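Visitor: Before we start, please show me the chain that we are going to discuss.
Guide: Here it is.

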Amino acid sequence: MSMKYDVAIIGSGLGGLQCAYILAKKGLNVCVLEKNPIVGGCLQTFRRGQTEFDTGFHYVGGLDDGQPLNAIFQYFKLMNLPWHRLDSDAFDEVQIGGQSYFFANGYDRFADTLAEQFPHQRDNLKRYVAMLKNVGDGLKNSFKPRSEEEVFTQSLFTRSAYDFLCETITDPLLRNVLSGTSLKMELNRQTLPLYIFAQINSSFIQSAWRLNGGGQLIADELVASIEQMGGTVRTSAGVAELVERDGRLSTAILDNGEQVEAEWFISDIHPAATLDLIKESTQVRKIYRRRIGSLQNTFGMFTVNIALKDGAVPYLNRNQYVYRTNDVWSLADYAEGRPTEGILLSYRAEANQQFAHNVDILTPMYWPEVECWTDTQVGRRGAEYQQFKQQKAQECIALVAEVIPGFESAIDKQFSSTPLTYRDYTATAQGAAYGIRKDYNSPMQTLLTPRTPVPNLLLTGQNLNLHGILGVSMSSFFTCAEILGMASATDGLNFED
Ligand SMILES: Cc1cc2nc3c(=O)[nH]c(=O)nc-3n(C[C@H](O)[C@H](O)[C@H](O)COP(=O)(O)OP(=O)(O)OC[C@H]3O[C@@H](n4cnc5c(N)ncnc54)[C@H](O)[C@@H]3O)c2cc1C
């Protein structure tokens, strides 16, 4: 006899687990179906020898009392995890042209700190942070239906982040400094909506945090809560097909042929991959498939995970972004054979904070750079691929050496991954770091809502609205509101004023 659930959820990324949590909390019988042996998607932590590394997650913003992500994580019972606050005088450091600039927490302090190096831009910096504060403060109103906030948010999705920056900040160097921590989004001049730029930057300016133990803790904690509330989370349970009957989805067929029935289906995987699972449908027209299939994805990431020799590199309680170009926005323009021009260096949080145990180096990497190895599998991609990775890793390490002299001799072991690795471990289309590329020129086309043409199939996760921990969390409520209504979905979510 096959089990029938109220809601079956495809994918155990942050979005899938949060939806399961919200729905289970309201008494629905939920089942999360995860293809991998490990839950979490981009939150996964993995081990190489004695050392633990993170897949995607590195830091979050807005976790202090009264800040938006704090309220959201209180709701999900995630505030008890070992959160570790980054240096509030300098949570991020941007190095351009050999000069360092520091980001401080608090809107005023952020502006004042940078104004010391850019005194002629003080008023512009004030205007810049006022805008970011406005967007950050407005986040809580997004959960009120048809609010003025909704209109405001939509208008920011139709504006260019780059144009806003040019209009507000007249010094080009300062524009690049302000953009310099934005490897956490795709800084694309032609497409990036102001909302994404402002909301993400705003969140980190409020406060910035690492997690002592890695992103896996978030996923594991959510699974424990879901199970406690009577929900089911299954791993090694990939969905191979979604079956439609009488205009609604009825069944998920798993890779092993097993059938799982449900009233509702939520997909936390890429919308195009979701549609691929529906082989026959009276609801999904060709034109919709074509529209979803033609959406562009953001860039992927090349990551070097480094285990350091004992006592070789002091732990730094901030992130370092190092650039070899003074045009930070150009990193999003793919050009063949281009050298590495910017990296993020992230230190893993340490209980004993004197020395760093391991660090990650991240830099954008475009799909065409690895496309020739599309048909290969992890560990069997051949010598040329190994060589390509080695070369890229060397370039990344050379950039780190600009902030940590002699860095190379501090390396014990190094591992690297490309968008192909992400594709194979997190099943993201083209290993895109941040899902579908949202475009301010065509917000109606690129900003998907949770609804699909199939009435009982909903979308969630980073491909809607905003990516990242904050954005995915917001979308989880929007998705569940389609089933529960907004008031019920956000019951227990309390933003302090
Ligand atoms: C390199 C990198 C660095 C990042 N750094 C940060 C950061 O510092 N801070 C931050 O806030 N955000 C960061 N992000 C973004 C953040 O990690 C993601 O936005 C978020 O975790 C995405 O969650 P998701 O729910 O959309 O889906 P995903 O994490 O993509 O999960 C989807 C899940 O679905 C599963 N799946 C796929 N196909 C199937 C199938 N057919 N059947 C069953 N299961 C399936 C996958 O295995 C996966 O587990 C980073 C991302 C990357 C890639």
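Visitor: What radius of gyration does the chain have, against that of a compact globule with 497 residues?
Guide: This is a predicted model, and the values are computed from it. A compact globule with 497 residues would have a radius of gyration near 23 Å. The value for the chain agrees with that, so the comparison ends on 22 Å.

Visitor: What does the C-alpha trace span along its principal axes?
Guide: The secondary structure in this trace comes to 17 helices and 19 strands. Along the principal axes, the C-alpha trace spans about 65 × 55 × 45 Å.

Visitor: Which percentage of contacts between residues at least 6 apart in sequence joins residues at least 24 apart?
Guide: As background, 50% of the 497 residues count as buried. For the contacts in question, the share that joins residues at least 24 apart is 72%.

Visitor: Between which domains does the shell around the ligand lie?
Guide: The shell has 38 residues, and Gly11, Gly13, Gly15, Gly41 and Gly461 come nearest to the ligand. Two domains give residues to this shell, so it lies between domain 1 and domain 3.

Visitor: Which helices and strands each supply at least two residues of the shell around the ligand?
Guide: By class, the shell has 17 nonpolar, 17 polar and four charged residues. The elements that each supply at least two of its residues are α1 (14–25), β14 (300–308), α14 (419–426) and α16.

Visitor: Which residue in β9 stands opposite arginine 85?
Guide: β6 pairs with β9 (residues 208–211) in the antiparallel sense over three bridges. Opposite arginine 85 stands tryptophan 209.

Visitor: How many residues of strand β16 are buried?
Guide: Gly342, Leu344 and Ser346 point one way from β16, while Ile343, Leu345 and Tyr347 point the other way, and all are buried. The strand covers residues 342–347 and is largely enclosed by the rest of the structure, because the buried count is six of the six.

Visitor: What is the bridge partner of leucine 345 in β17?
Guide: β16 has antiparallel pairings with β15 (residues 319–323) over four bridges and with β17 (residues 358–365), also over four bridges. In β17, the partner of leucine 345 is isoleucine 361.

Visitor: Is arginine 324 exposed, partly exposed or buried?
Guide: Arginine 324 is in the loop between β15 and β16. Leaving out residues up to four places away in sequence, it touches Glu341, Gly342 and Leu399. Buried would need 20 or more other C-beta atoms within 10 Å, and exposed 12 or fewer. Arginine 324 has 17 and is therefore partly exposed.

Visitor: Is methionine 365 buried or exposed?
Guide: Methionine 365 lies in β17 and touches Phe299, Gly300, Met301, Phe302, Thr418 and Pro419, not counting residues up to four places away in sequence. Its C-alpha atom is 9.9 Å from that of lysine 392, 27 residues apart along the chain. With 23 C-beta neighbours inside 10 Å, methionine 365 counts as buried.

Notes
Residues are numbered from 1 along each chain as its sequence is written. This is a predicted model: local features need pLDDT of at least 70, side-chain atom pairs count only at pLDDT 80 or more; totals for chains, interfaces and linings use all residues. The radius of gyration is taken over C-alpha atoms; the globule rule is 2.2 Å times the number of residues to the power 0.38. Two residues are in contact if their C-beta atoms, placed from the backbone, lie within 7 Å. Two strands pair if DSSP finds at least two bridges between them. A residue is near a molecule or strand if its C-beta atom, placed from the backbone, lies within 6 Å of it. Ala, Val, Leu, Ile, Met, Phe, Trp, Tyr, Cys and Pro count as nonpolar, Asp, Glu, Lys and Arg as charged, and the others, Gly among them, as polar. Domain bounds come from an automatic or database domain assignment.
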